[in-house]
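Keep the model open as you go, since the sections move from individual strand pairs to the chain as a whole.

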Amino acid sequence: MKKILSLMLLGTSAVTEPVMSQNDNKRNDIRYNLNDSGSHYVKFTFTNQVWLRLNDNNPGTTVLSDGQTNTFDIGLRRTRMQLFGQLTDQIFFYTQFGMNNFNKVSAFPAYNTAGTPSQRKIAAFFHDAVGEYEVQRKGNSFIRFGGGLTIVNGFSRFSQPSIGTIMTMDVPVFAQATVDQTDQFSRKLTIYSRGQIGKLNYRVGVSDPFPVETSGSTPATLNQNAVFSQRKNSKQFQGLLIYNIFDTEDNTTPGYMTGTYLGKRKVLNIEAGITSQKNATWRKESVDTLYSNMTLWSVAAYLDMPLNVEKGTALSAYLGYFGTDYGKGYLRYNGIMNPATGTTQPIAGVGGTHGNAYPMFGTGNVIYAQAGYKLKEGLLGDQGTLMPYASLQRGDYDRLQDAANVYNLGINWLMKGHNGKLSLNYENRPVYKTASVANELAKDGRRGSWTLQYQISI
């Protein structure tokens, strides 16, 4: 018992080669080695993100039937525990348990639009449960096969983000394209292969999407605009290719891709991905029911590297173009950890327009860019350093007369890298109303929100 406690608490003093997963800058692990070298191990991690937020609500917003022009709320954006390990040279397992978007109205039945249980005591669930087998390894190159409940997919880097290493306040959720529609918080039952072959990283998979009617909310009514279909369900095919120009990235855990390495690696990637599903959506045209294939694809570049090694400064940047074809007229509003429960000014043809929601998903295209600059180490003495950032998301969807431009500006106080950080973020989003042209939405001003996040991640 004394040896086990020593291994768990002393971190790398008891580990020959620590495994990097969601935090490439951390060197203390809660883990138990299964062999002398530490190449076989079992590891535990924990991440908690607390949000304090002041939101300027969309027109007509109500909270438990009371009109609210703005709201202040406290919530848990993410609370997660991971248990994973390398049992032999070939056998790896990964599990993740936790909950998301937990604030005072997240358990309210009328707000149950994203599969959140209507009883606040049962919000946690398994996000991932995966087993992998490595068939080949030579140096940094390897090939693995795996299966289970997993976030491994093909659309893009940000479709499978490492939540403990996010540079911005939050990830661009539009890239988690079917979140809580035909998946379980972006996870699907999938068989896949992933690997590193020289400078090329790949992941390919076949997923079995969940029926949309099991999402915990009433399926959207069949009308002229595409919604996820309740019949003719088929498998989903995924593929993502990443060319590593400089360093290769961390490949410990399946799927999860680091947000920023804080200058610990020199990374420049060119990426391309696709997700495709036959008969994913349906719509009504006259008396006919028409089915549409869903095709989501992206091309992107990712940069994360040190600028001055001696000072510890670093730059992180991303630019991506996303083609999002869900079918004719598809448009879905979403508000992250929405602080509201309803509206007195609904918009015909869309739902969930209250609180902080905006048209996040739709048939069309999206341009997303972000950039951040890590200031020198020890800028604040033994209290760490700062990393300001900015992001732009431009959703040009078919049913919007004006593109949905969402701006974020913020700063991270890196008290101990990603292990302990405080982030302040301002988001500015568009508001829409019914347009004079049938089935279209017109811009109707903008709203903003301030969020303070405290993250603990070990």
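Predicted model: local features only at pLDDT ≥ 70, side-chain atom pairs only at ≥ 80, totals over all residues.

## Strands S1 and S2

Let's start with strand S1, residues 30-33, which pairs with strand S2, residues 41-56, in the antiparallel sense over four bridges.

## What else pairs with S2

S2 also pairs with strand S5, residues 70-86, again in the antiparallel sense and over 16 bridges. A handy landmark here is Phe-44, which stands opposite Leu-83 in S5.

Then there is strand S23, residues 441-457, which runs antiparallel to S2 and is joined to it by nine bridges. In this pairing, Trp-51 has Gln-453 of S23 as its bridge partner.

## A three-stranded open sheet

Which strands make up the open sheet of three, and in what order do they lie? The order is S4-S3-S17, with antiparallel pairing. Strand S4 (66-67) and strand S17 (342-343) are the edge strands, each pairing on one side only.

Within this sheet, strand S3, residues 61-63, meets S4 through two bridges in the antiparallel sense. You can pick out Thr-62 here, as it stands opposite Gly-67 in S4.

## The chain as a whole

How far do contacts reach along the sequence? Taking contacts between residues at least 6 apart in sequence, 67% join residues at least 24 apart.

As for overall dimensions, the C-alpha trace spans about 70 × 50 × 40 Å along its principal axes. The radius of gyration of the chain is 22 Å, which agrees with the value near 23 Å for a compact globule, because that is what 458 residues would give.

## Burial, surface and charge

Of the 458 residues in the chain, 54% are buried. The accessible surface comes to about 19300 Å², and carbon and sulfur atoms account for 58% of that area.

Finally, a look at the charges: the chain has 45 positive and 33 negative ones. How many Å separate their mean positions? The mean position of the positive charges and that of the negative charges are 2 Å apart.

Notes: Residues numbered from 1 in each chain as written. Heavy atoms only, no water. Pairing = 2+ DSSP bridges. Rg over C-alpha atoms; globule rule 2.2 N^0.38 Å. Buried < 20%, exposed > 50% of the residue type's maximum accessible area, 1.4 Å probe, protein only. Contact = heavy atoms within 4.5 Å. Areas by Shrake-Rupley, 256 points an atom, 1.4 Å probe, with all protein chains shown as cover. Lys, Arg positive; Asp, Glu negative; His and termini not counted. Charge placed at Lys NZ, Arg CZ, Asp CG, Glu CD.
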